[in-house]
Amino acid sequence: MRHPIFLRLLTITLVVLGPVGRSEAAVSPPNPAPALSTSHMAATLMRLPLQFEANQGQVDEQVTFLARGTGYRLFLTPSESVLVLQQREPTREPAQQGRGEPIARPEPPAIKQAVVRMKLEGANPTPAVEGKEPLPGIVNYFIGNDPAKWRTNIPIYAKVQYQEVYPGVDLAYYGNQGTLEYDFIVAPGADPDQIRLAFEGASDIHVADSGALLLATDLGDLLVQKPVIYQLEPDGHKTLVAGHYLVERQVANVRSARSASNPQDSTLPKIGIQLAAYDRTKPLVIDPVLLYSTYLGGSDNGDQGLGIAVDGSGQAYVTGITLSVDFPTLNASQPAPGGIVDAFVTKLSASVTNQPPVCGAAQANPAALWAPNHQLVPIAIMGVTDPDGDSVTITVTGVTQDEPVKGKGDGNTSPDAVIQVGAASVRAERSGSGNGHVYQISFKADDGQGSSCGGAVTVGVPHSQKKGLTAIDDGQLYTSTSP
């Protein structure tokens, strides 16, 4: 039975190692705060950004940026992304030591790997690639005794941007709320049908009932979620566009011996994205998602976390013990193991970009009113979400309509709308000689963390109840709250 692979992310700004029992001073996190719940601590960790290192000679020269963590390596080149999945074999029990014999450090477990390459078919082979949104901190590599081979002061970024991978199409990689995402940004007038993905290293590729793309590897199924596709409106809200993966030339076993020796073998299925109709005068974003979870540790299964705390500024501190010879360190006072079992204190930076709420899928409830009895009907705004899980406060900023407030045949009542806390009420009425009455309720959604989005929902009062008849918007010309 295959199990989905969840890619693991490690972001460390400080690790202090010391043999158990030999620590001479306790480590006290600055700015202590009251004890936080486990769920709050977990949420803090999951908001850590994925970090991309610029390649300054620490890996193969074809690589421009890389992201690394226990369980995976991601290498970005101008023409492809290479995902190296890793899985530890169970640790073997060390041989019994005789009395008086030195205790030997256990051998690190064997590592199984699976490599999945994602190529852009027919794409620009030499796009401009650059890091975006620099993150605090640097990465240093002090490997060996030759300073000429050391690599220091390597910058890290929250996003990597590819320019013009196809005409009018950019590509961006970034980490967001426990996920690895890559966005295709399609400029107005550009053709999204150009986008074709080819995956090497998967024995089978198919679309699940959920719309997700499943890539079978030797270590399990790699899950690429159904893409979120949207257009960003001038007022900041997102208009969702329907779409799904399209697998071309799907084969039950595409990684035959012949295709393994020939990466360009035509049996490899191509993945396209089928889109519904959308406004081609506006930019379009296609956003697939790879899943991973936050992970801390080395290659030994004996690594243990024994405590966690979060200070007043949101920095997380994890303490525990490690038996791993490859426990990751950065600017550590003891960068190498000092005994069979070592203690660690890891500080996880919480300097992340808060994600704003998403207003693009908002809807009015109810969205249609009948009968036209001139009564005010409460309208709720539904469907606003927040990718960080923050509570969202909705504020109605205005209500407009396409018919006069005191129009002929509508009962001569006013105002036609009343704004309330987080909602609005609109009047169930329409002109007797018109084609229906359309209200537009504009709102702002705030996550309490300094980010917000704006949007609008519509409510219609049709001219009649004939089957299929809806209210037609003749233009939002009037303010509904006017007396």
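The protein exposes about 23,800 Å², and carbon and sulfur atoms supply 53% of that area. Accessible areas come from the Shrake-Rupley method with a 1.4 Å probe, and for residues only the protein chains shown count as cover. This is a predicted model: local features need pLDDT of at least 70, side-chain atom pairs count only at pLDDT 80 or more, and totals for chains, interfaces and linings use all residues. Residues are numbered from 1 along each chain as its sequence is written, and side-chain values use heavy atoms, with hydrogens and water left out.

## Overall make-up

The protein has 483 residues, and 44% of them are buried. Buried means under 20% relative accessible area; exposed means over 50%, and partly exposed lies in between (1.4 Å probe, protein chains only). The secondary structure comes to two helices and 31 strands. Both are DSSP runs, numbered from the N terminus: helices are H or I with at least four residues, strands are E with at least two. Take the contacts in the protein with a separation of 6 or more: residues 24 or more positions apart account for 67% of them. Contact here means heavy atoms within 4.5 Å.

Strands of a sheet pair through backbone hydrogen bonds, either parallel or antiparallel. Here, four strands form an open sheet in the order β30-β29-β26-β31, with antiparallel pairing. β30 and β31 (478-479) stand at the edges with a single partner strand each, so one side of each is left without a neighbour in the sheet. Two strands count as paired if DSSP finds at least two bridges between them.

Strand β29 (residues 437-446) is joined to β30 by ten bridges. Ile-441 has Val-457 in β30 as its bridge partner. β29 and β30 form a hairpin with five residues between them. In the turn, Gly-448 has a positive phi of about 75°. Strand β30 (residues 452-461) is mostly covered, with seven of its ten residues buried.

Thr-400 stands opposite Thr-479 in β31.

## Two nonpolar cores

A nonpolar core is a set of buried Ala, Val, Leu, Ile, Met, Phe, Trp, Tyr and Cys residues joined through side-chain atoms within 4.5 Å. The largest has 47 residues, and Phe-52 and Phe-199 touch the most other members. Strand β10 (residues 151-166) gives the most to this core: five residues. A second, separate core has 22 residues, including Ile-394 and Ala-445.

## Aromatic rings

The structure holds four aromatic pairs. Rings of Phe, Tyr and Trp (its six-membered ring) pair if their centres lie within 6.5 Å; planes under 30 degrees apart count as stacked, over 60 as edge-to-face and the rest as tilted. Two of the pairs are shown here.

| Pair | Centre distance | Plane angle | Type |
|---|---|---|---|
| Phe-65 and Tyr-157 | 6.0 Å | 85° | edge-to-face |
| Tyr-182 and Phe-184 | 6.1 Å | 85° | edge-to-face |

Phe-65 in strand β5 (residues 65-69) and Tyr-157 in strand β10 are 92 residues apart, so their pair links distant parts of the chain. Phe-65 is buried at 7% relative accessibility, and Tyr-157 is buried at 17%. Tyr-182 is buried at 3%, and Phe-184 at 0%. Ring pairs link Tyr-182 and Phe-184 with Tyr-162 and Tyr-173 into a cluster.
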